[in-house]
Amino acid sequence: MLLMNTNFRAGWLAIAFLCSASLLSAQKSPVNELLTRADRQYDLYSYNLAIQTYEEVLKEEKSNAHALARIGDCQFQLNRPEKAIEWYQKAQNTFNMESDVPLRLGKALMQTGDYDGAKDQFLLYVEIDEKVGRHFAGVADYAIKNARKEAQWQVKNEAINTSSADYGAAFYYNRIAFNSARTDIVQQGKPAADPQGGNTNYLFVSQRNPETELLQKPSFLRSDIQNNRNEGPVSFSSNGRRVAFCRNKFISGTRQIAETGMNMSIYIADVEDGNWKNVKAFTYNGSSYATGFPCLSPDGNKLLFASTQPGGFGGWDIYVSNWTATGWSEPRNLGTPLNSPGNEVTPFFDGEDLYFSSDWHNGFGGLDVFRASLGREEITEVFNLGPGVNSSRDDYGFIFNGSDNIGYLTSTRSDGRGNEDIWMATKKWKDNDLADRSEKKSAVYRDKSPRAAEYSTPADFNANEQPRGAKGSDRLHILVTDQRGFPLSDADVNLSDCYGGKGITGGDGKFYFDELLRPIDCSVSLSKKGYRDITIALRDFGKQNIKISLANDVREEFRGYVFDARTQVPIRGVTVQVQLPEGVLETNTDEAGFYSLRVEPGLTYLITYNKYGYTDAVVRTNLPYNSNNRIAAVNLDKIYEEERVAPSTTTKRDGYVEYDNTAKPIVYSDNSTNPITRVYPRETPKAPVLDKFNGYSIQLAAMPEEPSEAKLNTYESLTRLANLYVKAEDNMNKIRLGIYPTLAEAEVSLKLVLKDKAYKGSWIVDERGADETLIMGNENFAPVQHSTITPADKRDNATVRYAIQMGSFAAGKSISISDYTRLNGLGNLYSKSENGYTKVRLGVWGKHGEAEAARIEAIRRGFPDATIITERADDPEIRDYLIPEAAPGNITPKGDVMVSVPEPAPAPIVYSTTPAPAYPFYVRIAALSKPEDFDASIVAGLGAIEKRKAEFSPGMTIILLGSYPDMESANKIANTLVDMGYEDAHVVKEEKGKLIRK
């Protein structure tokens, strides 16, 4: 009996243990779910909500190390470092503390001014990461030594600040533009807060009170029509004609440099009468990284900004891009010592000095403001602006007007009005560096920035020699002299950037102009034969006389040629760059491979040659006096597929070869197995007769054998961009994509191609002698054929038909015809097998214009990828789907697919005040008091524009886009418009004559 009881008890204990384990598992699961939810809220910057969820975790597990530390992170991002410290210390007392908590705690202690405590934490972190730990311990030492020094800067909290976020000050003429999340000033017709529950900030403008020097009550920067929320920070050129801004997702009360980064993009526009026009996204924005905090140089031709794009030194890095004849140049990272493993943001360049903020360089906590020392080609040092401007908290967005000794910055320091505040900053004394520049700075900005675009010799410039013109004359003058100070007559003066004046100097070397009522910042251009042309940015033009000295022009024109090393054919479009002391001089070769450079003789120059598909050449060459002014011919080698896999480094840009201009040309070749040994210099080369130039293509691969069908199928996905074809050339079979009529179009597609690593070796080539039916958009020939089948001879393809490709699917994959019911009445739907893929197409039309109209309508109906392709007219597979002219509209099933015989092709989109019938869904863009100001071209191709009177807002007109057959189609268009900047775009449905928001 006892044995039986013992067995029973043992079984009962086993069951109890299993139940207990199941209960523990059930309790553990909710904790994991809560942590996942809280982490997601943290990543979405919902810090207050995340704190609540982490606290729910702690109710289940009081010592959950991750939740404790994360609450500290949330408090830190909410600008509450004191509370963050409490939670980090709790996390430190757990047995499984996360390894970087000492680093996070040290940064929070820095923001409270406890530098000794912060240093102790950083030294603890040395055991985890010695380099980072010792770096921040050094930062703490810097703060200990310098935080109590007498401040060179005096700061005042601006009266315009509110308890909400006020930030991003920018000079706008003699006023200050800035962002604010304030709710005490409400825009007419718009709510003070985001109706969707998100954060809202707007651009405001204010100006200083002449008595107190503080900013007065602000007003909205832009009109009711253009004033959009969440645009900023902003930057203007000195003449106010160009603006750069970013669209933000800042949350009032939250650090603007969040741990997980911010999704921002830059936009640039022209400013005319206060209106922003030609708004365009910055070419180098990215979807996977942030680009923001723009700053335009005074002349508006240089854009500095911060970005988290790959390839930088840390988090946010600062880049520069120059405005050129072809648009904004590819941004260049300003490099070290400015950029660091930390975050560098909010650049401000006044023409002489570059200011920025960083959380890595030696400072006092959070972000500090620094000034960069600009060398001729690089940044040499960075200087902390010291106490006053900088505090233990975040200090950034610094701008400064040296002539007026007044600046502004954004700070989260504790003695403000709440959250981010704008502070006025003035310098209490001038250091030697500023004193040396003070006289010149009142009249001119010298462009010493990296990659300066000016190549002229800097002129002697003195704006204070003659303070005013003749008494009572209201006339001022520009005095133009040579280097010895003698007046220069007949010098061309161009003041079109200032007020439109042009002319020449008189016998006294003076050009007279009227004194302006309001001085402006602008540029003057001067030229005279025998002297260096120069363009100088003037500050406060119109209130004093100006003297400018021109340097003698000792430059001469030197001429050279570039050839293909293998064929000796001249190469067109080679970029030739020369390193000059004041910048980079750039030109391009013409059809004969010819180029010329205007440079000073008697010197040695570093010249680079670059073109898609060729090995770069870097040459050091001497251009002597009294020569024939010829540069020895240069030969470039083409890069083939096998060479791109393992490229040689003999002509990389990190080195150069010595090049005597009087010697025979050097051959730049990576082909060591078959070098070219005989190259003859040509004094007057004549270009051979070439095949007709077709345009530009993207070369994807090259191989000696003819590519198999399987090989071509690997490029099938690219047929959405252009035609894929094979061309036999130079004993190689080259797989190409094209043909693009312009280089710009080819470059756009190349960027899309290179996004896939499988095609990273692709480049652009000139296409000659190809089948002209491949040229995209050529109305005289067939539009591009999206097929890997090599086009037939033009004589066999003289008659073509046009269809719209709706999709491409792997062979054997089932296709739902119901997905295409929205195309009913538009054309015949059919399928066709090509290269192992099933193509779903709509057609078939005899005229390209009819197909184009149908394509636009297909896009409007929710098929954004619809693309026109060509079909052979004699192809028996399309015979049943040809659309006869003026065919009646009906729908007829044929075979396994539904085929619709269309009504006449739809008319092009018309800007009309009468609604398009048939479908009930529309996208509401805006309500305007002046509907004629709306630019319809921006939304062309997305739908028909309609204007209707607003029922409940007299005098307002609603701008609609539509109509669409279903909610899904309308939502796609609405999302597209939001991405384009129409943030209020939303779907409405017409019900009984009224528009109801969906």
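# Exercises on a predicted structure

Tyr-830 sits in strand β44, which covers residues 828–834. Strands (E, at least two residues) and helices (H or I, at least four) are DSSP runs, numbered from the N terminus. The model is predicted, so keep in mind that local features need pLDDT of at least 70 and side-chain atom pairs count only at pLDDT 80 or more, while totals for chains, interfaces and linings use all residues. Residues are numbered from 1 along each chain as its sequence is written, and side-chain values use heavy atoms, with hydrogens and water left out.

## Exercise 1: the setting of a tyrosine

Find out whether Tyr-830 is buried or exposed, and which side chain it meets in a polar contact.

**Solution.**
- Step 1. Tyr-830 has 2% relative accessibility, so it counts as buried (under 20% relative accessible area; exposed is over 50%, partly exposed in between, with a 1.4 Å probe and protein chains only).
- Step 2. Glu-871 is the partner: its side chain and that of Tyr-830 make a polar contact of 2.8 Å. Such a contact is a pair of N or O atoms within 3.5 Å; within protein, one must be able to donate a hydrogen and the other to accept it, and residues adjacent in sequence count only if both atoms are side-chain atoms.
- Step 3. Now follow the chain to Arg-841, 11 residues away from Tyr-830; the C-alpha atoms of the two are separated by 5.5 Å.

## Exercise 2: an asparagine in a loop

Place Asn-339 in the chain and list what surrounds it.

**Solution.**
- Step 1. Look in the loop between β14 (332–333) and β15 (344–349); Asn-339 is there.
- Step 2. With 2% relative accessibility, Asn-339 is buried.
- Step 3. Its side chain has a polar contact of 2.7 Å with the side chain of Asn-333.
- Step 4. Setting aside neighbours within four places in sequence, Asn-339 touches Phe-313, Asp-317, Ile-318, Asn-333, Leu-334 and Glu-344 (contact means heavy atoms within 4.5 Å).

## Exercise 3: one face of a helix

Which residues of helix α6 (115–125) are buried, and what do they pack against?

**Solution.**
- Step 1. The buried residues of α6 are Tyr-115, Gly-117, Ala-118, Gln-121, Phe-122 and Tyr-125.
- Step 2. Viewed down the axis of α6, these residues fall within an arc of 155°, so they line one face of the helix. The arc is that of the directions from the helix axis to the C-beta atoms.
- Step 3. The buried residues of α6 pack against α4 (81–92), α5 (101–111) and α7 (130–146).

## Exercise 4: a sheet and its helix

Work out the strand order of the five-stranded open sheet and find the helix that packs on it.

**Solution.**
- Step 1. The order is β50-β51-β49-β52-β53, with antiparallel pairing (two strands pair if DSSP finds at least two bridges between them).
- Step 2. The edge strands β50 (944–949) and β53 (994–997) each have a single partner, so one side of each has no neighbour in the sheet.
- Step 3. On average, and with direction ignored, neighbouring strands of this sheet are turned by 40° against each other.
- Step 4. Helix α13 (967–979) packs on the sheet and touches β49 (921–928), β51 (957–964) and β52; the direction of α13 makes about 35° with that of β49. Axes are lines fitted to C-alpha atoms, for helices over the stretch in contact, and angles run from 0 to 180 degrees between N-to-C directions.
- Step 5. Turn to β52 (986–991), which pairs with β53 in the antiparallel sense over four bridges. Val-988 stands opposite Arg-997, and Lys-989 stands opposite Ile-996.
- Step 6. The hairpin of β52 and β53 has two residues between the strands, and Lys-992 there takes a positive phi near 55°.

## Exercise 5: paired rings

How many aromatic pairs are there?

**Solution.**
- Step 1. Rings of Phe, Tyr and Trp (its six-membered ring) pair if their centres lie within 6.5 Å; planes under 30 degrees apart are stacked, over 60 edge-to-face, and the rest tilted. By this rule the count is 33.
- Step 2. Take Phe-245 and Tyr-267: their ring centres are 5.8 Å apart and their planes at 20°, so the pair is stacked.
- Step 3. Phe-245 belongs to strand β7 (242–247) and Tyr-267 to strand β8 (265–272), so the pair ties together parts 22 residues apart in sequence.
- Step 4. Phe-245 is buried, at 1% relative accessible area, and Tyr-267 is buried at 12%.
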